[in-house]
Amino acid sequence: MHYYDAHSPHVQPRGITSFGSNRRALYAAELSYVDREVGRLLGAIESRLKGALVVVTADHGIAFDEPRHARLNYGYDLYSSILHVPLIVAR
């Protein structure tokens, strides 16, 4: 499963609490949406596929610090915020 919701352009998801209107706030709202949807997916896996191996990772991080990442939040440098991605393995 690939969730693309927390990628640019950042928008306010319907049904999710607003954290503001800047890019960082919209990203936080998108993360809340993805968190909710991943929770639904994990609930379905748990109820239907006992003992399933679940692996969670990401393709890159994101940064909003000014002025370095004011326009482009990833894809052109090797900052830790861009390189550090989750890797979760659970059964």
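## What you're looking at

This is a predicted model, where local features need pLDDT of at least 70 and side-chain atom pairs count only at pLDDT 80 or more, while totals for chains, interfaces and linings use all residues. Residues are numbered from 1 along each chain as its sequence is written, and side-chain values use heavy atoms, with hydrogens and water left out.

## The pockets

Rolling a probe the size of a water molecule over the atoms shows where empty space is left. Here a pocket is an open set of points on a 1 Å grid over the protein atoms alone, where a 1.4 Å probe fits, with protein on both sides within 12 Å along at least five of seven lines; lining residues have an atom within 4 Å of a point.

The largest pocket has a volume of about 780 Å³. (A volume is the space filled by probe spheres set on the grid points, which are joined across faces, edges and corners.) Of its 24 lining residues, Y3, V34, V38, V56 and T57 lie nearest the centre. Once again α1 supplies the largest share, this time 8 residues.

## The salt bridges

Side chains of opposite charge can pair when their charged atoms come close. This structure holds 3 salt bridges, each a side-chain nitrogen of Lys or Arg within 4 Å of a carboxyl oxygen of Asp or Glu. Two of them involve E37: one with R36 at 2.9 Å, N to O, and one with R40 at 2.7 Å, N to O. Together, R36, E37 and R40 make a salt-bridge network. R40 and E37 sit 3 residues apart in helix α1 (residues 23-48), so about one helical turn separates them.

How covered up are these residues? Buried means under 20% relative accessible area, exposed over 50%, and partly exposed in between (1.4 Å probe, protein chains only). E37 is buried at 13%, R36 is partly exposed at 37%, and R40 is exposed at 57%.

Elsewhere, D77 and R68 pair up at 3.2 Å, N to O. D77 is buried, at 11% relative accessibility, whereas R68 is partly exposed at 36%.

Note on methods: Helices (H or I, at least four residues) and strands (E, at least two) are DSSP runs, numbered from the N terminus.
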